[in-house]
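Please look through this structure with an eye to its strands and its aromatic side chains. The text below takes them in turn.

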Amino acid sequence: MNITTNTLSMTGANHCIGRRLVNNTLRREAKKNFYVALVICAIGWAQGTSFPQATQASVGPESSAASSAPGGQHDFDFLSGTWKTHNLLLAHPLSGSTTWIELNGTVTVRKIWDGRANLEEIEASNATTHFQGLTLFLYNPASHQWSQTFANNDDGILGQPLIGEFKNGRGEFFNRELFQGRAILVRFVWSDITPDSHRVEQSFSDDGGKTWEPNFVATLTRESK
């Protein structure tokens, strides 16, 4: 796996965490190296589709089974506090590329509504870029599912949410999007959860969920509660 912080050729952007971080890196590098106006749009892939914004419905398998916490409303309680985060971002998803961009930063999460909502603030950087974003988590008591919705400080726009739930200590969230004009599935997974660490991974699938390619991986370790 190649890890780099150099300029990489891409077009478009979206509202998922990994891709937005990549595009901030690319944007800073383009300005530094070529002194041209920024050409990477903060809210659209090719053909102007923002991400995730195609649909609010979950495309993952549904289940009537109860979440690990009563009703599921406390599934994100572990997330409260301040975390160090190490991020890896695939530069060219669904292209066969193995070039990754590396950033380090801090994540701060506040619990709201007695755990039925959470607000996550993200700050990450490398030698060429400084990134800020936030994620809003909301619990739906009718479906016993969660939504997670991301925004970048560049445009202040919340994308459409990924929808999902936790089972046996693992959270899976799904959406359907357009990527370079092609319909794909998006999956975001919370795993390896302990009181002082956890892992998140975002993947794309262009074959209906038969195979998944990770494009954003973050390992988080707790700084404080």
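What follows moves from the overall fold to the strand pairings and then to the aromatic cluster.

This is a predicted model. The protein has one helix and 11 strands. Along the sequence, the order of elements is β-α-β-β-β-β-β-β-β-β-β-β. Of the 225 residues, 50% are buried. The accessible surface is about 10,400 Å², and carbon and sulfur atoms account for 51% of that area. Among contacts with a separation of 6 or more, 54% join residues 24 or more positions apart.

Confidence deserves a look before any detail. The mean pLDDT of the protein is 78, and 69% of the residues reach 70 or more. Where pLDDT is low, predicted coordinates should not be read in detail.

Now the strands. β2 pairs with strand β11 (residues 213–224) in the antiparallel sense, over eight bridges. In this part of the fold, W83 stands opposite R222 in β11. β11 also runs antiparallel to β10, and eight bridges join these two strands. Here H198 has L220 in β11 as its bridge partner.

β3 and β4 are antiparallel and share nine bridges. T108 has E121 in β4 as its bridge partner. Four residues lie between the strands of the β3 and β4 hairpin, and W113 takes a positive phi near 55° there. β4 then pairs with strand β5 (residues 130–140), again antiparallel and over nine bridges. E123 stands opposite Q132 in β5. The hairpin from β4 to β5 passes through four residues.

Next, the aromatic rings. A pair of rings is described by the distance of the centres and the angle of the planes. The count in this model is 16 aromatic pairs. Take F76 and F166. Their ring centres are 5.0 Å apart and their planes stand at 90°, so the pair is edge-to-face. F76 lies in the loop between α1 (17–34) and β2 (81–90), while F166 lies in strand β7 (residues 162–167), so the pair ties together parts that are 90 residues apart in sequence. Are these two residues buried or exposed? F76 is buried, because its relative accessibility is 0%. F166 is buried too, at 2% relative accessibility.

Y139 and W146 give another geometry. Their rings form a tilted pair, 5.4 Å centre to centre with 50° between the planes. Y139 is buried at a relative accessible area of 10%, and W146 is buried at 1%.

Which residues do the ring pairs link into a cluster? The members are F76, F78, F137, Y139, W146, F166, F173, F188, W190 and F216. Beyond four places in sequence, F76 touches N118, F137, W146, F166, F173 and W190. The largest nonpolar core has 29 residues, and F76, L79, F173, F188, W190 and V200 touch the most other members. In soluble globular proteins, nonpolar side chains tend to be buried together.

G115 sits in the loop between β3 (99–112) and β4 (117–125). G115 counts as buried, at 0% relative accessibility. Its contacts beyond four places in sequence are Q73, H74, D77 and W146. G115 and Y139 are 24 residues apart in sequence, and their C-alpha atoms are 8.5 Å apart.

Q145 belongs to strand β6 (residues 145–152). Q145 is buried, because its relative accessibility of 16% is under the 20% cut-off. Outside four places in sequence, Q145 contacts L138, Y139, N140, I163, G164 and E165.

Terms used
Residues numbered from 1 in each chain as written. Predicted model: local features only at pLDDT ≥ 70, side-chain atom pairs only at ≥ 80, totals over all residues. Heavy atoms only, no water. Phe/Tyr/Trp six-rings, centres within 6.5 Å; stacked < 30°, edge-to-face > 60°. Buried < 20%, exposed > 50% of the residue type's maximum accessible area, 1.4 Å probe, protein only. Core = buried A, V, L, I, M, F, W, Y, C linked by side-chain atoms within 4.5 Å. Contact = heavy atoms within 4.5 Å. Areas by Shrake-Rupley, 256 points an atom, 1.4 Å probe, with all protein chains shown as cover. pLDDT = per-residue confidence, 0-100. Pairing = 2+ DSSP bridges.
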